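Reader: Hello! I have just opened this entry and would like a friendly tour. Could you walk me through it?

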Amino acid sequence: MNGRERIALAMRHKEADRVPVMSQLALGHYFLNAGLAPHEIWFTSEGFAEALVTMQRRYQFDGILINLPGRPRNVLSEIKSVEKIKKGELVTWKNGHVTLIPWDDNAQYVYPARPELQPRADLKTLDPDHLEMIDQYPGYVWNTYHIPWIADKKDFGPMSEVPDYFLDTIDLVRAKTKGEISIHGEVFSPFTHYLELIGYQNAIIGLVKNKEKVQALLERLTDATIAWAVAQAKAGVDAVLISSAFAGGGFISPKMYTEYVVPYERRLADAIKQYDIPVYTHTCGKIGDRLELMEATGTMGIDTLDPHPLGNVELADAKNGVGQRLFLKGNMNSVSILEYTTKEEVIAEASERIQIGKPGGGYILSSACSIAPRVEPWKIELFTPLAEEIGRY
């Protein structure tokens, strides 16, 4: 049984030959370990696809999460120079703009200052029916990422279609893996887009003071999110992950989750399931009090399941609750994985998760949240051999 088949069964709550293994890696982990220059990984579809497959093969993962859209083609021809400094790579473009790519973190646009770009949208003056102006906010081109000098967007406002190059990484990864590995796309949830557009502090205040406008705005942002999710479904991904990272207990209450997350993620999930592929949800932190609410969005699985100290989920409780209906992925302590110094510690952590999650199928062994940039690869290399040893059905 190959990885694609193995994960397909787990996502449909069936037993495979063994517990599948698939963890999301932080971008900095690719920069440090994939053998490519960070700017090649961050700015090119070819570089990111190569990094994804290189690390999947090294760790023997059954699936790959493609969590960045494809990049504009031939973008490297716009680079004037790449300088290696202590902090990372300093990329200077031909037009004078500068990007810093830390060795272990996402790229940062650093120069020049652009006063014509507004730092965040103002909820008081924002009109949900006229969102053409959102393109002036840095970080929000195409509702996905911002490269201000190459954005070739034809229509202003939330996207209804995606450019062809957005799908390049999916095509490249599929060609490299020859149908043997489960390939997952990703979209930010409408709630995440709202936070990014307004700014986290003002966005949270808006939930209390401007409920109707926030809900109207979420409706529009859901349309854009559906456009990107559907494009990936049509491109042939095996599943779509809804990244709803900031909808846990550290940010909003269950009541607010019901009002500002459930209806919009349900629309999104329903749109994805029209293409007969699984959809699942990634939410960080404390979600033990909202697992059933997450189920109410129509998702088919829950990712992360952070244990203490980042979260409050006991895998056994989740398995005996929503895990009877949804597939579960994660729960390995991301903080502990970073801290462990011996193989025995890593194996004990993973073994416990396999033993709890395995019965009846529907569990994918994974770190709770992303594998941190500085986690030593030898730790992750232990996951799949262990699943082969004790995770068989």
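**A first look around**

Author: Gladly, and let us start with one residue of this predicted model. Leaving aside residues up to four places away in sequence, Thr 192 touches Ser 243, Ser 244, Ala 245 and Phe 246.

Reader: Which helix holds Thr 192, and is Thr 192 buried or exposed?

Author: The helix in question covers residues 190-198, and its label is α6. For the second part, the cut-off is that a residue under 20% relative accessible area counts as buried. Thr 192 has a relative accessible area of 4%, so Thr 192 is buried.

Reader: How many helices and strands does the protein chain have, and how compact is the chain for its 393 residues?

Author: The count for the protein chain is 16 helices and 11 strands. For 393 residues the globule rule gives 21 Å, and the radius of gyration is close to that, so the chain is as compact as a globular protein of that length, with a value of 20 Å.

Reader: What share of the residues counts as buried, and what share of the contacts joins residues at least 24 apart?

Author: Of the 393 residues in the protein chain, the buried share is 57%. For the contacts, take those between residues at least 6 apart in sequence; the share joining residues at least 24 apart is 71%.

Reader: How many disulfides does the structure hold?

Author: A disulfide needs two cysteine sulfur atoms within 2.5 Å. Cys 284 is in no disulfide, and the nearest cysteine sulfur, that of Cys 369, is 3.6 Å away. Cys 369 is likewise in no disulfide, its nearest cysteine sulfur being that of Cys 284. The number of disulfides in the structure is zero.

Reader: Where does Gly 362 lie, and which residues does Gly 362 touch?

Author: Gly 362 sits in the loop between α14 (343-357) and β11 (363-364). With a relative accessibility of 3%, Gly 362 counts as buried. Not counting residues up to four places away in sequence, Gly 362 touches Ala 10, His 13, Lys 14, Leu 326, Phe 327 and Leu 328.

Reader: How far apart in space are Gly 362 and Thr 92?

Author: In sequence, Gly 362 and Thr 92 are 270 residues apart. In space, taken from C-alpha to C-alpha, the distance between Gly 362 and Thr 92 is 47 Å.

Reader: How far apart are the mean positions of the positive and negative charges?

Author: The protein chain has 42 positive and 51 negative charges. Taking the mean position of each kind, the distance between the two is 1 Å.

Note on methods
Residues are numbered from 1 along each chain as its sequence is written. This is a predicted model: local features need pLDDT of at least 70, side-chain atom pairs count only at pLDDT 80 or more; totals for chains, interfaces and linings use all residues. Side-chain values use heavy atoms; hydrogens and water are left out. Helices (H or I, at least four residues) and strands (E, at least two) are DSSP runs, numbered from the N terminus. Buried means under 20% relative accessible area, exposed over 50%, partly exposed in between (1.4 Å probe, protein chains only). Contact means heavy atoms within 4.5 Å. The radius of gyration is taken over C-alpha atoms; the globule rule is 2.2 Å times the number of residues to the power 0.38. Lys and Arg count as positive and Asp and Glu as negative; His and the chain ends are not counted. The place of a charge is taken as NZ of Lys, CZ of Arg, CG of Asp or CD of Glu.
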